[in-house]
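Please read the following report beside the sequence and the three-dimensional view.

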Amino acid sequence: MSLIEKLGRLWNLRGLFFESLGYSLIIAFGAVVLGFIIGVLLAVVRIAPKNNPIIKFFDKIAILYITVIRGTPTLVQLLILYSSVLVVFKSMSTNLLVPIIAFGINSGAYMAEIIRSGINSVDPGQMEAGRSVGLSWVTTMRKIIIPQAIKIVVPTIFNEIIILVKETSVVSYIVLRVNGIQKWDLLGIAEKLGLAVPACYLIFLFAAALLYLAVVMLLTLIQHLIERRLKKNER
Amino acid sequence: MNDNYIEIKGLYKNFGKLKVLKGVSCNIKKGEKVAIIGASGSGKSTMLRCMNLLETPTYGEVWVENKLLTPIDPYLHFDVIRLSKTYAKLSEVYKAEHPDASTEEIDAAVIADIKKNDLLKNYEGTAYRAAIKTLYKENFQQVDLSRRDMGMVFQHFNLFNNLTVLENLTLAPVELKLKTKAEAEEKAMDLLKRIGLEDKAKAYPSTLSGGQKQRIAIVRALAMDPQVMLFDEPTSALDPEMVGEVLDLIKKVADAGMTVVIVTHEMGFAREVADRVLFMADGVILEEGAPEELFNHPKNPRTQDFLSKVL
């Protein structure tokens, strides 16, 4: 077999890689959305004035959540959730939600800290000025603090999203199923094909790496576009 | 009822262990111009910030237009005390001990006992809790309502950085539904014209000089049609060449009949504009009086010392 033929055969496997990239992206996207929602909720609880016992209680819960989730490895959390689901449901024909929830819960803790520190880094004088003209805490947050905090957190949020996209590669530790058929994420497919054709293992790994890189570069581009847009209404 | 616009009674403020205000009382009448002077750390800014409750006093009361802004003391509300479980229990006991006492007598004795011995606990039944909650809520809303009438100007301007100059002026009146957007913008443009900055309406604060920022901060407060203006060292963060324009504007505001409270290091300005000057040191008002009196014949040795250093 000539080199061209060999390369041609490898090229024919591209569909498998793209499909797996798709699963990786679905998991990452779902986890980002879930993580962002959890992050916003936790950040709001952490930042709200502690003037009533219910908020104080939720604040304690939020601190506990953030401590535990940030203090344990993502892979361990994923395996714990995956195994618990196995125990409860025995088998699921589609289990994409398991990694989405695991990564979402994980990312939520990081997002919460990012959002909290973003809001905290807005000059406290802005809140005072808002309150001094009679606006409520909520209105000042909504109209003054959050718009300024967004500008501050965009780079860090994108950093977290990029990390999350790459972190989804630990999904290859669990068995993914879609409609009862086993599927693989991007790293998973490279490993599976590598087992079948050990001579090409490195090539498959490079292919996966290139695809991750492409996605991250695309995300970086989006980040720059958003940052430029936010800068526009400054001057 | 009296003609004091702001009344401060026995105000204490601690930041942790640091005692910043140690029992300050003062009244500010409608239309009065009051300057507060004193060395840094004397508590003058803290007192000003307590007036609109940007700082919550540790003890003491702040009244604005005869409305109490500081957190409410349940012991002052007999109706609330009567809802408490402690009250029910004690009045039973009292009734048993004094079978022929009238209801008024029981009431008076029990409330006096509760107040004197600080008997109210955290949990006093749902009716009590609901009454307290309503009280706190009304008090809480009153703070926001009163702040609308008290314009505040900060040392560091604190313009809303994410909004244009025009939006800075219109945000609060429109959000609080005091004016329509068109009305608010008309008023804002009028105010900007008066300070000669109408061409900056669409600019963002980051493009303005310090003096321009502070003048816009002043008209932002004026856009709410306040009853009183509080100035917290409005020229301390400015380059020297910009102090004049800001002081001129404050003088114009004062001359137009606005009630003004100003914390300042500009002694000449305090003397020129104020009707009354308060000298603060170590968290108390040491001396107060008409500017001529206080600046020319200070009585307290601390005042004499301070004035000899700054004049």
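How many salt bridges are there between chain A and chain B? The count between chain A and chain B is four, a salt bridge being a side-chain nitrogen of Lys or Arg within 4 Å of a carboxyl oxygen of Asp or Glu. This is a predicted model, in which local features need pLDDT of at least 70 and side-chain atom pairs count only at pLDDT 80 or more, whereas totals for chains, interfaces and linings use all residues. Residues are numbered from 1 along each chain as its sequence is written, chains are lettered from A and ligands numbered from 1 in the order in which they are written, and side-chain values use heavy atoms, with hydrogens and water left out.

**The interface**

Across the interface of chain A and chain B, eight residue pairs, both at pLDDT 80 or more, are in polar contact, that is, a pair of N or O atoms lies within 3.5 Å, where within protein one must be able to donate a hydrogen and the other to accept it, and residues adjacent in sequence count only if both atoms are side-chain atoms. On the side of chain A that touches chain B, α6 and α7 of chain A each supply at least two residues, and α6(A) gives the most, with seven residues. By class, this side of chain A has five nonpolar, nine polar and seven charged residues; here Ala, Val, Leu, Ile, Met, Phe, Trp, Tyr, Cys and Pro count as nonpolar, Asp, Glu, Lys and Arg as charged, and the others, Gly among them, as polar. The contact (heavy atoms within 4.5 Å) takes 21 residues from chain A and 24 residues from chain B. The area buried between the two chains is about 2,000 Å², of which carbon and sulfur atoms give 54%; buried area is the accessible area, with a 1.4 Å probe, that two parts lose on being put together, summed over both.

Over all chains the count comes to 26 salt bridges. Two of the salt bridges are set out below, with the distance between the closest N and O atoms.

| Salt bridge | Closest N and O atoms |
|---|---|
| A:E128 with B:R49 | 2.6 Å |
| B:R276 with B:E32 | 2.8 Å |

Helices (H or I, at least four residues) and strands (E, at least two) are DSSP runs, numbered from the N terminus.

**Pockets**

Pockets and cavities are found on a 1 Å grid over the protein atoms alone: a cavity is a set of points where a 1.4 Å probe fits but cannot get out, a pocket is an open set with protein on both sides within 12 Å along at least five of seven lines, and lining residues have an atom within 4 Å of a point. Grid points are joined across faces, edges and corners, and a volume is the space filled by probe spheres set on the points.

The largest pocket has a volume of about 1,800 Å³ and is lined by 46 residues, of which A:P49, A:N51, A:N52, B:Y136 and B:F140 lie nearest its centre. The elements that give two or more residues to this lining are α3 (53-71), α5 (97-120), α6 (124-132) and α7 (137-167) of chain A together with α5 (126-148) of chain B. The largest share, twelve residues, comes from α5(B), and the lining as a whole has 26 nonpolar, nine polar and eleven charged residues.

The second largest pocket has a volume of about 380 Å³, and of its 19 lining residues the closest to its centre are A:F36, A:V40, A:I115, A:I146 and A:I150. Its lining has 18 nonpolar, no polar and one charged residues, and α7(A) gives the most to it, with twelve residues.

**Cavities**

The count comes to five cavities of 30 Å³ or more, and the largest cavity has a volume of about 60 Å³. Helix α4 (residues 74-89) of chain A gives the largest share of its lining, four residues.
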